[in-house]
Amino acid sequence: QGTAQCVRVRCETLHLIDWRRRDNDPRQNTRHFPPRFALHFLRSFFLPAPPRTRPPRAIVYVQRSKAEDRRVRDERSLIARIHNLVRGESPGRRRLTSPLIVFADNPSPPMHETVSIFRQARVVVGMHGAGLANAVFTPAGGHLVEFALPQPATNCYAHLAMAMDFCYSQVAVHDGGAHGR
């Protein structure tokens, strides 16, 4: 531990996207956002098959179990509450017909499995973090619910949702900063 390892990766084809902003682009602080065409290219590259006849219906909760920051307090209770909503066990709530999939990052699943999980999603829920980027594999029309940070520079998932034709909901996190607890 503590020793960096060098890894070589060989690929047959390397796709490079140039997303430099034009000089006349009036948007502020958006240099780090990938353009819509690049996100759609990424989705189509990993999801080349024609759309399924049955629409996606899963609720995917993105867990940050390896992270030491930006963790959901009492995450087990939150997952249980979502599970109860899905099963119709919450008082006064009708049963949802969606399976709940917890996308755990410890260990991170292989890429093909990750794509398969998010491809089934109708709703993706999670704390701001790298795992939410997998929502790019969720079909258009999905929903992205982010436990979001207050800093303006952390609105990349709002951008992702807009670019990929998702409905976006933000649950404000007031506890800690971009790398706080």
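Q: In which helix is Phe46 found?
A: This is a predicted model, in which local features need pLDDT of at least 70 and side-chain atom pairs count only at pLDDT 80 or more, while totals for chains, interfaces and linings use all residues. Residues are numbered from 1 along each chain as its sequence is written, and side-chain values use heavy atoms, with hydrogens and water left out. With helices taken as DSSP runs of H or I with at least four residues, strands as runs of E with at least two, and both numbered from the N terminus, Phe46 lies in helix H1.

Q: Is Phe46 buried, partly exposed or exposed?
A: Buried means under 20% relative accessible area and exposed over 50%, with partly exposed in between (1.4 Å probe, protein chains only). Because its relative accessibility is 32%, Phe46 counts as partly exposed.

Q: Which residue in S3 is the bridge partner of Tyr61?
A: Strand S1 (residues 58-62) pairs with strand S3 (residues 121-127) in the parallel sense, over five bridges. In S3, the bridge partner of Tyr61 is Val125.

Note on methods: Pairing = 2+ DSSP bridges.
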